[in-house]
Amino acid sequence: MTEGRCKPSVFPPRTDTGREDTLDNFVIETENLTKDYSSWLRKAKRPALNNLTISIPKGSVFGFLGPNGAGKTTTIKILMGLIRPTGGMATVLGKPYDDVEVKNRIGFLPDSPAFTPQLSAMEFLDVCARLLKIPSSKRKQRVEEVLEIVRMAPHAKSKVGTFSRGMLQRVGIAQAILNSPELLILDEPLLGLDPYGRQEFKEIILEQRDKFGASVFFSSHILSDVEEICDSISILNKGRLLCAGKLSDLLSRDTDNGVLVKIRQCDDAVKALMTDADNVQKKENDEWELTFKTLSPELDRKINELSAKHGEAVKRLNAREDLESFFFGKIEEDNLENS
Ligand SMILES: Nc1ncnc2c1ncn2[C@@H]1O[C@H](COP(=O)(O)OP(=O)(O)O)[C@@H](O)[C@H]1O
Ligand SMILES: [Mg+2]
């Protein structure tokens with residue numbers, strides 16, 4: 001780890017009194033987790049995963065980020081006990097990664113889930129529920145519930161083979177939450193979803209945490225969505241962890257980044273303010289975002305007056321770096337240092 005990079009884990013440090021103290025606080029813990037796919041036949045340039053040490057706090061929605069080939073799926077496969085690491089250790093819900101019993105308490109969506117095309121959504125989920133040993137008295141009701149949650153109830157009797165990628169992804173999420181898991185591990189769950197599907201997915205994830213107390217660990221490339229729903233993230237590049245921590249800490253909400261004004265109502269005075277802004281962006285839902293890198297006393301007064309006049313419709317915030325520029329900054333810095 002070089003100077004200037006974030007620390008690998010900024011979550012509460014482990015206590016010296018042993019692992020027992022940490023079991024209640026973290027749903028996933030890894031220490032120097034390493035996976036080298038090299039064999040005597042094929043020598044890899046570098047390990048796919050290199051000394052990953054990370055702790056995922058209970059109750060968090062955690063975004064696991066990194067470019068293609070960074071090692072995200074490798075990590076997730078280890079956590080699910082699908083492949084063995086070549087070094088280090090990992091615990092999930094306080095148990096070793098290969099503990100079979102603990103899998104009943106986890107919901108998992110792999111990066112390329114396999115579906116049975118000739119079954120209906122309902123039949124497919126019924127098979128999954130049987131595999132999860134959900135008692136027959138509760139199975140039908142639970143399958144109907146999860147179909148409702150992922151907005152697939154109208155397609156319950158349609159064959160999975162006729163579904164679009166987005167619909168398949170919803171069925172995948174439905175099977176992941178069938179057993180009311182304490183922890184959801186999802187590999188690229190947003191892939192293939194249109195903006196409506198992504199919005200619904202975000203609502204489902206937050207509902208799983210807020211209503212059912214689940215923790216969520218998911219990998220994604222869609223940084224704006226990660227920024228919207230995750231409280232914590234980590235960034236992986238070429239198998240190595242570049243940083244991890246609370247999003248609000250990493251994107252430091254301090255005044256050095258200037259002022260951000262979110263606008264939902266435009267009168268002439270607000271339009272005039274737009275001409276003074278360093279950056280004007282039109283967002284979804286007819287919202288505008290104005291960024292001011294520095295504020296003259298006059299601009300400062302103008303913004304405060306408009307904010308007082310329009311209330312929530314003209315909202316003043318301290319600007320912060322967005323996740324996209326933070327992510328690309330970290331990756332570029334790492335690629336330059338290790339090219
Ligand atoms: N079964 C495998 N055998 C050899 N190399 C692999 C295998 N699976 C993944 N890799 C390599 O490990 C690295 C990390 O891959 P992966 O974990 O799938 O990354 P990500 O999910 O972040 O895109 C890549 O360089 C990939 O080519
Ligand atoms: Mg992957």
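## Burial, contacts and ring pairs in a predicted model

P189 is buried, with a relative accessible area of 0%, where buried means under 20% relative accessible area, exposed means over 50%, and partly exposed covers the range in between, for a 1.4 Å probe and protein chains only. This is a predicted model, in which local features need pLDDT of at least 70 and side-chain atom pairs count only at pLDDT 80 or more, while totals for chains, interfaces and linings use all residues. Residues are numbered from 1 along each chain as its sequence is written, chains are lettered from A and ligands numbered from 1 in the order in which they are written, and side-chain values use heavy atoms, with hydrogens and water left out.

### Overall description

The protein has 10 helices and 14 strands; helices (H or I, at least four residues) and strands (E, at least two) are DSSP runs, numbered from the N terminus. Along the principal axes, the C-alpha atoms fill a box of roughly 65 × 50 × 40 Å, and 45% of the 339 residues count as buried. With contact taken as heavy atoms within 4.5 Å, residues 24 or more positions apart account for 70% of the contacts that have a separation of 6 or more. The accessible surface comes to about 17500 Å², of which 50% belongs to carbon and sulfur atoms; such areas come from the Shrake-Rupley method with a 1.4 Å probe, and for residues only the protein chains shown count as cover.

As for charge, there are 48 positive and 51 negative side chains, and the centres of the two sets lie 5 Å apart. Lys and Arg count as positive and Asp and Glu as negative, with His and the chain ends not counted, and each charge is placed at NZ of Lys, CZ of Arg, CG of Asp or CD of Glu.

P189 sits in the loop between strand 7 (183–187) and helix 5, and, leaving aside neighbours within four places in sequence, P189 is in contact with L109, Q169, F201, F218 and S219. Its C-alpha atom is separated by 21 Å from that of V127, 62 residues away along the chain.

Two of these contacts, F201 and F218, also form a ring pair. The structure holds 5 aromatic pairs, a pair being rings of Phe, Tyr or Trp (its six-membered ring) with centres within 6.5 Å, called stacked if the planes are under 30 degrees apart, edge-to-face if over 60, and tilted otherwise. The rings of F201 and F218 have centres 6.0 Å apart and planes at 75°, so this pair is edge-to-face. Because F201 lies in helix 5 (residues 195–212) and F218 in strand 8 (residues 215–219), the pair ties together parts that are 17 residues apart in sequence. Both F201 and F218 are buried.

The rings of F327 and F328, with centres 5.4 Å apart and planes at 80°, are likewise edge-to-face; here F327 is buried at a relative accessible area of 8%, whereas F328 is partly exposed at 42%. Ring pairs also link F62, F64 and F217 into a cluster.

### Other positions

The following table gives the relative accessible area for further residues.

| Residue | Relative accessible area | Class |
|---|---|---|
| A48 | 15% | buried |
| C128 | 12% | buried |
| C243 | 0% | buried |
| E289 | 13% | buried |
| G213 | 48% | partly exposed |

A48 belongs to the loop between strand 1 (26–35) and strand 2 (49–57). Beyond its neighbours within four places in sequence, A48 is in contact with K35, Y37, A70, G71, T74 and G239, and the C-alpha atoms of A48 and D36, 12 residues apart in sequence, are 5.7 Å apart in space.

E289 is found in strand 13 (residues 288–292). With neighbours within four places set aside, the residues in contact with E289 are L260, V261, K262, N279, V280, Q281 and K283.

G213 lies in the loop between helix 5 and strand 8 and touches E182 and Q208, not counting residues up to four places away in sequence. From G213 to G258, 45 residues apart in sequence, the C-alpha to C-alpha distance is 36 Å.

Turning to the cysteines, C128 and C243 are both in the table as buried. The count of disulfides, defined as pairs of cysteine sulfur atoms within 2.5 Å, comes to 0.
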